[in-house]
Amino acid sequence: MAQRFPLLPFLVLCLCSSASIIGIAHQHEDSTTQTMEDFSGYPIHDHHSFIQNFASSSLSVDTESLQNQIDELATFSDTPAPSVTRILYTEKDVLARRYIKNLMGISGLSVREDAVGNIFGRWDGYEPNLPAVATGSHIDAIPYSGKYDGVVGVLGAIEAINSLKRSGFKPRRSLEIILFTSEEPTRFGIGCLGSRLLAGSEVLVKALQTTVDGQNKSFLDAARAAGYAKDQDDLSSVFLRKGSYSAFVELHIEQGPILEEEDISIGIVTAIAAPASIKVEFEGNGGHAGAVLMPNRNDAGLAAAELALAVEKHVLESGSIDTVGTVGILELHPGAINSIPSKSHLEIDTRDIDEQRRNNVIEKIYQSAIKIEKDRRVRLSEFKIVNQDPPALSDKSITEAMEAASKELNLPHKLMISRAYHDSLFMARVSPMGMIFIPCYKGYSHKPEEYASHQDIANGVKVLALTLAKLSLN
Ligand SMILES: [Zn+2]
């Protein structure tokens, strides 16, 4: 016995270092557990200590490869660099999809696609029948935009998986990366098309049978040209089975200035604001700008102007900083300096994290439109609520996992609200959801100047990897 004592410190040392590499940081009396663990090669219980050892020592991000991939993906564009334009089902979109599928394959993921081209790359866990943990984002890009929006959450997810694989981690629940089809509404006017369908939107399935783009090409023809929707007009095959995922986490650039201004590495999204959009048209008699005297006019342009101001008033009346409203489109017909507008067209966007409050604003805007119609003797020829989506709250178990991951990685983080919408808004309908934001230069997005630093991306990828690992073991 005495002879064995000097060996003890050495043994302890070995145990510690192997714990940090393969995660065996605990000992169990229970022989069944031990047998199962020996068999599987990783702990069944005590995931917490596993994760702690694992976090502090083994996560590395290959920032150079990741940046090269971001740069390369940006070359699949219909406009010259540094701008990126990648529209749904165009040749460049199809090539970019192929590029992502190839990377997923290189990472050892099994890749499949659904009827609209949502792409899934799966890493099987050691309990593959449990609901999986999913992550992902989009790679479509509006005209003349940048190369980070969405892309960081797709290429970053692949790198997060690579990082977990390099660390020796083995997921319990399968991990799945999703590339969502058409987050941007550019071509067919429908934002988050892929995730809305995954979430089971019957309304959208029906609409897509007759949806056309600006060139009058049907959605189904465009999808078929890109190799999807083969012989089905009914796309409800895309719907996710209930309980497919135990969690969904999206990594995304903030698209706002807060994190950069406050020098915070990680934003943990607690809620995604509920977007709604409205189209309004007023019609009047028009007439000559000189000949028709003021008392005799019913100016459709002034009706639109008055409604635009009413939008601002009703939004401010909500009393909450979280209520916003924008008239982003205001068109006058015939649009001549010497002609009283005979027709006006407005498009109104309003959002809030509180659905009822947002709906109250919509109702007040409607009441104002009716009052303006009467007062100005114009005709309110259209008041159409194009979409009126509910907000989404992040799941507490996921925000806690993201917070814990940020803490373990010593990254300054804060809770925040996503005022832009994302595929996560719709994934929240079928899975507990959470989002990780990273800073981006001056908050720029949807323009070529969009930029996120290597360090910020690497931080986001690490938090994502560690969060996925935690959720996978839950
Ligand atoms: Zn995006």
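Apart from its neighbours within four places in sequence, Asn387 contacts Ala276 and Ser277, a contact being a pair of C-beta atoms, placed from the backbone, within 7 Å. The model is a predicted one, in which local features need pLDDT of at least 70 and side-chain atom pairs count only at pLDDT 80 or more, while totals for chains, interfaces and linings use all residues. Residues are numbered from 1 along each chain as its sequence is written. Asn387 lies in strand β12 (residues 379-388). Because 15 C-beta neighbours fall inside 10 Å, Asn387 counts as partly exposed; a residue is buried with 20 or more other C-beta atoms within 10 Å of its own, exposed with 12 or fewer, and partly exposed in between. Ile190 is 197 residues from Asn387 in sequence, and their C-alpha atoms are 9.6 Å apart.

The protein contains 15 helices and 15 strands, taken as DSSP runs (H or I, at least four residues, for helices; E, at least two, for strands) and numbered from the N terminus. Of its 474 residues, 46% are buried.

Helix α13 (residues 396-408) packs against helix α15 (residues 454-473) at an angle of about 125 degrees, with the axes 9 Å apart. Axes are lines fitted to C-alpha atoms, for helices over the stretch in contact, and angles run from 0 to 180 degrees between N-to-C directions. The two helices, α13 and α15, are therefore oblique to each other, the class left after roughly parallel (under 35 degrees), roughly antiparallel (over 145) and roughly perpendicular (65 to 115). Residues making the contact include Ile398 and Met402 of α13 and Val463 and Leu466 of α15.

Notes: Two residues are in contact if their C-beta atoms, placed from the backbone, lie within 7 Å.
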